[in-house]
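Dear colleague,

Please find below the structure that I am handing over to you. My notes on it follow directly after the sequence and coordinates.

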Amino acid sequence: MVDFPVIETTSLRSAALPSATMALVELGKQLRRANYHFVTPTPATIARVNARRGNARARSLTDVFGWNRPFNPVLIPEAILGAMRDAGVIEECASGLRSTLRVSSLGEQLYFHSAFPTEAADSVFFGPDTYRFARQLRACVPALARRVTRCVDIGCGAGAGAIELARMCPAASVHAVDINPAALTLTRVNALLADTRAVLPEYSDLLANVDGTFDLIVANPPYLVDEGARAYRNGGGDLGAGLSLAIVNAAIGRLAPGGSLLLYTAAAIVDGVDALRADVARRLERADMRWTYDEIDPDIFGEELDNPAYRTVDRIAAVWLCATKPASHQVYW
């Protein structure tokens with residue numbers, strides 16, 4: 001298994017990094033040279049596809065690192081197998097060997113994230129939400145980038161949001177914060193693999209451990225009700241909305257004048273009513289902020305509706321919030 005130490009604020013200098021971290025970066029480079037590509041679907045889809053006849057064992061690199069199937073070592077080119085061993089991401093299983101990390105494509109970049117199924121408390125998730133989040137950032141950030149000098153991705157996970165920001169805001173420092181040491185380690189690896197050195201992985205509960213104000217705050221937080229309270233899934237509060245509302249509150253206090261919050265999350269719709277939207281509206285209107293709130297996908301993670309916590313819920317909708325603090329700002333409480 002990979003050792004995930006707590007990451008403090010540092011520049012992404014290779015000489016300061018553990019050998020296992022650099023071995024992961026090398027593994028990513030080897031996969032890129034092999035033209036590896038894999039778009040990660042939902043966990044339910046992965047389970048269904050892997051359960052099909054003939055899919056019990058890997059036959060390709062995408063089977064090994066995407067579908068995360070057991071493999072025979074003779075299947076893997078020696079350079080890739082050696083980098084896996086150096087990084088400590090091979091485990092034995094009943095059917096052979098298995099990678100303890102997956103690798104997903106997002107545009108031209110590759111991202112390491114947790115093995116399937118993501119059941120551990122410190123799992124680092126990457127999936128359809130990540131693609132939606134990145135697409136929304138690419139649509140919105142270019143119009144803001146010129147005035148952004150300091151930005152932050154709250155709950156950075158595998159680092160996709162922070163890396164997208166670094167590429168679109170080349171003059172800005174990009175803070176990538178999370179409470180999960182595994183996420184910070186993989187954010188660092190993925191940023192190095194993307195050759196994006198402005199990203200600063202930092203341990204922080206929301207913005208509690210970072211100082212100052214930000215021109216741009218982005219987040220793609222957990223938003224589900226999770227019985228195991230796993231950090232990568234559990235949003236807390238009423239029907240998973242707690243963390244999203246906490247991010248809105250944090251942004252109100254920590255955005256610089258004229259700064260913006262871009263939040264990708266989900267709302268549980270009950271009897272046709274979006275309670276998250278109403279809660280967000282109350283907070284932002286008290287703070288005299290300009291905002292838009294849009295449903296960008298009306299029905300996601302439908303399988304969650306079978307869980308008792310969602311017994312009153314019609315559907316779960318992916319939503320996108322853009323909120324901007326006035327250039328001259330006073331909060332009215």
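W67 is buried, since its relative accessible area is 16% and buried means under 20% (exposed is over 50%, partly exposed in between; 1.4 Å probe, protein chains only). F38 also counts as buried because its relative accessibility is 6%.

This is a predicted model, in which local features need pLDDT of at least 70, side-chain atom pairs count only at pLDDT 80 or more, and totals for chains, interfaces and linings use all residues. Residues are numbered from 1 along each chain as its sequence is written, and side-chain values use heavy atoms, with hydrogens and water left out.

Rings of Phe, Tyr and Trp (its six-membered ring) are taken to pair if their centres lie within 6.5 Å; planes under 30 degrees apart count as stacked, over 60 as edge-to-face and the rest as tilted. Helices (H or I, at least four residues) and strands (E, at least two) are DSSP runs, numbered from the N terminus.

F133 and Y264 form a tilted pair, with 6.5 Å centre to centre and 45° between the planes. Here helix α5 (residues 128–140), which holds F133, is linked to strand β9 (residues 255–270), which holds Y264, across 131 residues. Both F133 and Y264 are buried.

Helix α1 (residues 19–33) contains 15 residues and spans 21 Å from its first C-alpha to its last, close to the expected 21 Å, which is 1.5 Å times one less than its number of residues. Its buried residues are T21, A23, L24, V25, L27, G28, Q30 and L31. They pack against α3 (61–65), α4 (78–87), β3 (101–106), β4 (109–114) and α7 (181–193). After α1 comes N35, with a positive phi near 60°.

As to pLDDT, the predictor's confidence in each residue from 0 to 100, the protein has a mean of 93, and 93% of its residues reach 70 or more. Values stay under 50 over residues 1–15 and over residues 329–333. Where pLDDT is low, the predicted coordinates should not be read in detail.

Yours sincerely

Methods: Contact means heavy atoms within 4.5 Å.
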